[in-house]
Amino acid sequence: MEKFGKSLEKELAKSNCRVKYGVPAFGSFGSGGEIAKVVSPKDGYALSKAVKILNGYEKVVLGGATNVLFPDGGYDGIAISTDGVKDISRKGGRVYCGAGVRLPDLVNRCAKYGLSGLEQLSGIPGSAGGAVAMNAGAFGREMAELITRVDAVTADGEVVAFSPQALEAGYRHTCIAENGLTVLGAELALTPSSEREIRTCISEYRERREKSQPKGRSLGSVFKRVDGISAGYYIDRAGLKGEKKGGAEISDKHANFIINGGGATGADFLYLAELAKKRVYEIFGITLEYEVVFL
């Protein structure tokens, strides 16, 4: 495994970035080989420096990697982890969160503040940065509805601010990824409420999620909705619930989830995902679009 040169390692260290080599893939599906290099910035400023220093290298920026499938043979590029960018601050009804903050932690903090608006997203396990970049949503609430400002960094290290309109947000989409930008953090506008009411609401959405979605290791929804209809509706009617390949299985509880029942590989996941995509197209003439990210 090729390592960084000493001068580059030194430059990253000066910018408060820790470097590790040969790190086991940490995606939530539980498959994949090693990541060749993981760079972990200490904070948002260090993250912007890391992006600039590594401009031109093959790399990916990862939060919780809860919707990322790693190659079984490992990822030979660089992963920049946002895990250290976990600042949360409040000013009135506005809350600012760093890209590495996990959504459940953000929802919990906002509940303590007595600020409502994020309850529907409480069951999403990913990071705030990923949720902003892909406009994550659940139960009729999308991240973009709450955003007042997004701070991002360009490939050459310039920090830029986006208004809600400039994000060009749509269903599971913003202009962040397509413009090669990395989210540093976002400001959200929330509504005052009582902590008791907020936590009751969180519990209700958690219960609804547990009733409709499978437990166990997965990458969440495999495919995006089609004209407002869950891809699981079509996969179910294509007769694929319970279909297995190796240690992977199309959930018999919700067909838009592929779960790791034990020892599943990325190849197992991809086989079932492509099977679902092919079968749905053959039967319904619909081309499913992936929500999962493949490295």
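Start by selecting Glu-195, which is partly exposed at 36% relative accessibility (buried means under 20% relative accessible area, exposed over 50%, and partly exposed in between, with a 1.4 Å probe and protein chains only). A word on what you have open: this is a predicted model, in which local features need pLDDT of at least 70 and side-chain atom pairs count only at pLDDT 80 or more, while totals for chains, interfaces and linings use all residues. Residues are numbered from 1 along each chain as its sequence is written, and side-chain values use heavy atoms, leaving out hydrogens and water.

**Salt bridges**

The structure holds 13 salt bridges. For another one, pick Arg-149 and Asp-151, which meet at 3.0 Å, N to O. Colour the two separately: Arg-149 is partly exposed at 30%, while Asp-151 is buried at 13%. Then select Asp-83, Lys-86 and Arg-102 together to see a network of salt bridges.

**Aromatic rings**

How many aromatic pairs does a search of the whole structure find? There are 10 (rings of Phe, Tyr and Trp, the last by its six-membered ring, pair if their centres lie within 6.5 Å; planes under 30 degrees apart count as stacked, over 60 as edge-to-face and the rest as tilted). Go to Phe-139 and Tyr-205: their ring centres are 5.1 Å apart and their planes are at 40 degrees, so this pair is tilted. Phe-139 sits in the loop between strand 9 (137-138) and strand 10 (141-142) and Tyr-205 in helix 6 (residues 195-212), so the pair ties together parts 66 residues apart in sequence. Phe-139 is partly exposed at 29%, whereas Tyr-205 is buried at 15%.

For a cluster linked by ring pairs, select Phe-29, Phe-223, Phe-269, Tyr-290 and Phe-294.

**Charges over rings**

Finish with Lys-37, which lies over the face of Phe-4 at 5.6 Å from the ring centre (NZ of Lys or CZ of Arg within 6 Å of the ring centre and within 35 degrees of the ring normal). Lys-245 lies over the face of Tyr-271, at 5.0 Å from the ring centre.

Notes:
Helix = DSSP H or I, 4+ residues; strand = E, 2+ residues; numbered from the N terminus. Salt bridge = Lys/Arg side-chain N within 4 Å of Asp/Glu carboxyl O.
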